[in-house]
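Start with the terms, then go to the contacts.

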Amino acid sequence: MNANHILPNYINGQWCTSSATEYLDVINPATVEVLAKVPLSPASEVNQAAEAAAEAFVNWRRTPPTERVQYLFKLKNLLEENLEDLARTITLECGKTLAESTGEMRRAIENVEVACGIGMMMQGTILEDVAKGIDEMMIRQPLGVAAAIAPFNFPGMIPFWFMPYALACGNTYIIKPSEKVPLTMQKVFQLLEKTGLPKGVINLVNGAKEAVDAILDHPKIRAISFVGSTPVAKYIYSQAAANGKRVQCQGGAKNPLIVLPDADFEMTTRIAADSAFGCAGQRCLAASVAVTVGEARRTFTEAIAETAQKRVVGNGLDQGVEMGPVITTESKTRIEDLIQKGADEGATVLVDGRQPDISGYEKGHFIRPTILQNVDPAGEIARTEIFGPVLSLIHLDTIDQAIALVNSGQYGNMACLFTNSGAAARKFRYEAEAGNIGINIGVAAPMAFFPFSGWKESFFGDLHGQSNHAVEFFTQTKVVVERWPKDWSRQF
Ligand code: NAD
């Protein structure tokens, strides 16, 4: 890696130099060192990838599932063997701590493991004698070429919510990583190449809007999985649907935690701080608002403020660092402006992370954990996705008011409750309008054998990533009704 290294694409089993005329610097957010240059690939390169993937599909779908998963077993082993290098690459380009990057890759590997069970997951059904001598069956077949468009905050994990399932089901695939963090997929594709997958089965195209629009327009790309911000999710969802494609789009979030007076405060504070400040708050399952109910206010406020101030901020590669930088200087400015907006709306900046002063990394995109108190529930700061290490505190009198606040938001990615009451937990699980629910959990990230849900403006589509949802997304059902002559047995 160096500032002049131009990242190649991987198309039809070959590493190829892009014919792009525009490039972006890939920047280490802790040091602002330029790590490489990413090409903004033109539409023609997406088209080449789509054509190669369409050609490869002919044989790949005929390859038995048991053989297809052998490549995934190899990939799993290669990912394990290279875990340290992959985690380091994520930290270099994305800023999170090495422990967070390692955890991210473990989640990626988990999806490969689940997809290896495709022989069970892809089975259809058959019912004999739906009428006398007539059998009816439903079989699952792959779609063809599918593509993923990924965000910056989990450069290693998010493509794995989709890609292993797509391949296991017999589809061929294209990945377009975020142009801000394209290095991790370079490493993953070096490993994919080592598995010996047939050429064209898996392709990598770097780029930004032009590449995305080419994916949306290419007639041979049958399905698109997108993860990113809500405005772009809406755009992708409508364009892909207008072009007749199957589409699933995961969007932004504004996740609330509710703290009841009977919660275990030591545990709740620790978990809430990890949720709000882990990955520098750049997680679609990060807590952004903590709602204290009744007596919870005083104890929780003091404890979370103390915990936030103690968090060790720095370069994610350094030992002992608990929180890294945010991704870009634009993100840092946007987050700082939102903190000011909160103050202008009447909130108290209880812990102010805007003057980070990180020794040795003065140019890095750092913000320390920040807590806003007495946030107006109707104000912008309580409702806008901040995507940074900022927790807003709101106080309400009852759990009903808290649930009403949760349900009034535009997003529905995650909502969490902290309590010792089973009845309160059940009420919350039942009534909260979010796709991922945590009870005494701060980041309710589903394991790979559950779908990664999301409601309202956090998700557009029907089937989510991971697990059986991914298998359904990457297959189409065919129903066959069969009749044979009444005396068929006499023919033998
Ligand atoms: P983003 O929407 O800016 O970019 C995501 C992808 O879309 C990138 O690959 C980018 O190249 C492409 N893109 C951006 N603008 C485009 C445009 N105008 N037309 C076509 N393509 C475009 O998102 P981001 O900043 O990389 O990621 C952060 C966002 O992702 C946050 O909102 C976060 O909540 C969300 N996110 C959601 C989930 C989830 O599971 N719901 C998971 C991770 C991240």
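Ala, Val, Leu, Ile, Met, Phe, Trp, Tyr, Cys and Pro count as nonpolar, Asp, Glu, Lys and Arg as charged, and the others, Gly among them, as polar. This is a predicted model, with local features needing pLDDT of at least 70, side-chain atom pairs pLDDT 80 or more, and totals for chains, interfaces and linings using all residues. Residues are numbered from 1 along each chain as its sequence is written, and side-chain values use heavy atoms, without hydrogens and water.

The shell around the ligand divides into 16 nonpolar, nine polar and four charged residues. In total, 29 residues surround the ligand (a heavy atom within 4 Å). The closest are Ala150, Glu179, Ser229, Gln250 and Glu385.

Now the polar contacts (pairs of N or O atoms within 3.5 Å). Glu179 places a polar side-chain atom 2.7 Å from a ligand oxygen. For Glu385, the distance from a polar side-chain atom to a ligand oxygen is 2.6 Å. A polar backbone atom of Gly251 lies 2.8 Å from a ligand nitrogen.

Which domains supply the shell around the ligand? Domain 1 (9–251 + 458–479) and domain 2 (255–439) each give at least three residues; the bounds come from an automatic or database domain assignment.

How values were computed
A polar contact is a pair of N or O atoms within 3.5 Å; within protein, one must be able to donate a hydrogen and the other to accept it, and residues adjacent in sequence count only if both atoms are side-chain atoms.
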